[in-house]
Amino acid sequence: MASQGLGKEQSIQDMIAQSRNKKGKKFIEKLMPILLIITALISVLTTLGIVFTLIFETFEFFQRVSITDYLFGTEWLPFSGSEPLYGVLPLILGTLKVSVIAACVAVPLGIAAAIYLSEYASDKTRRVIKPILEVLAGVPTIVYGFFALTFITPLLQQLIPSLKIFNALSPGIVVGIMILPMIASLSEDAMSSVPNSIREGALALGSTKLEVSLKVVLPAALSGIVSSVVLAVSRAIGETMIVSLAGGATPTFDFDVTGSIQTMTAYIVQVSSGDAGYGTTIYYSIYAVGFTLFVFTLLMNLLAQYISKRFREEY
């Protein structure tokens, strides 16, 4: 009898413990969606705060400077005491020079590296080479900047005697080296996700390894490859330290890549370093330039989504 009573008491205690556990689990199940929503809202609100700050401060800038002069002016001389000029086209052109040179370096080399890693390299080779490539992405950009200034520029001056110490070519090449691992890694992931049955079918029809890589795998993975390229170019457009150290601080509206330039990010660094007082037109100009840079990046991301969606539907 005593053992039966003890057994009933233990079963009641087990039931109570199970009930408490169920209540705890229900509480956690109700709490987690709330925490996740709060986390998502923090991200969204932070983004909105940044955008609204740019918009409000940019609006203040355009109260002082004509938007037409800003968008279509070909001279950027904000520190001119007599008559400052705020035509943003030289800064945009300087940014595009570096970005185009970087893309010319990174896109072919990155895609070639991705094809090798995905289609030709053995598993052992891939495990060695891919981490080495990705280490380049972890190098501080200020190191890349000094590398461009002290190594690449003197090297290029031996080939191009007219090349100035500050120029667009050297930082463009180094920015291309910096974004190369991003293109190679993401493109290799996209190619590796292509089903092996597609490769085997092409090989069975008599295609060579190179033909399978270029005419079958590459088009099938084009969505991911394009996305990686656009993402890398967006990173090049927003690069700051390399162009600040090796590009110079002379905004010019020409297509010469051998002379000093200034990009949008380099100008923001220059003014943020203390060259302008709070509340001045020069101070508000960094928000206008920042908003212009934001629009460029947004358009690049929208283009990437459009191209990615289009090719994903076709393949």
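Me: Which helix is T292 found in?
Reply: T292 sits in helix α12. A helix here is a DSSP run of H or I with at least four residues, a strand is a run of E with at least two, and both are numbered from the N terminus. Bear in mind that this is a predicted model, where local features need pLDDT of at least 70, side-chain atom pairs count only at pLDDT 80 or more, and totals for chains, interfaces and linings use all residues. Residues are numbered from 1 along each chain as its sequence is written, and side-chain values use heavy atoms, with hydrogens and water left out.

Me: Why does T292 count as buried?
Reply: Buried means under 20% relative accessible area, exposed means over 50%, and partly exposed is in between (1.4 Å probe, protein chains only). T292 has 12% relative accessibility, so it counts as buried. Across the chain, buried residues make up 37% of the 315 residues.

Me: And why does F255 count as exposed?
Reply: F255 counts as exposed because its relative accessibility is 71%. You'll find F255 in the loop between α10 (241–246) and α11 (264–275).

Me: What is T292 in contact with, leaving aside its neighbours within four places in sequence?
Reply: Contact means heavy atoms within 4.5 Å. With those neighbours set aside, T292 is in contact with Y70, I92 and M264. Using that same exclusion of neighbours within four places, F255 is in contact with L93 and K97. F255 and K97 are 158 residues apart along the chain, yet their C-alpha atoms are separated by 7.6 Å.

Me: What makes a pocket a pocket rather than a cavity?
Reply: Both are worked out on a 1 Å grid over the protein atoms alone: a cavity is a set of points where a 1.4 Å probe fits but cannot get out, while a pocket is an open set with protein on both sides within 12 Å along at least five of seven lines. Lining residues have an atom within 4 Å of a point. Grid points are joined across faces, edges and corners, and a volume is the space filled by probe spheres set on the points. The largest pocket comes out at about 180 Å³. Of its 13 lining residues, the closest to the centre are F62, Y70, L71, F291 and T292.

Me: Which helix gives the most to the lining of the largest pocket?
Reply: That's α12, with 4 residues. At least two residues each come from α1 (2–62), α2 (67–72), α3 and α12 (281–314).

Me: How many residues in the lining of the largest pocket are nonpolar?
Reply: There are 11 nonpolar residues, along with 2 polar and no charged ones. Nonpolar covers Ala, Val, Leu, Ile, Met, Phe, Trp, Tyr, Cys and Pro; charged covers Asp, Glu, Lys and Arg; the others, Gly among them, are polar.

Me: How many cavities of 30 Å³ or more does the structure hold?
Reply: The structure holds 1. The largest cavity has a volume of about 40 Å³, and its lining includes T95, V98, S99 and E239. By class, that lining divides into 4 nonpolar, 4 polar and 1 charged. The largest share of it, 3 residues, comes from α3.

Me: How many helices and strands are there in the chain?
Reply: The chain has 12 helices and 2 strands. Residues 98–120, for one, are 100% helix and 0% strand, with end C-alpha atoms 32 Å apart.
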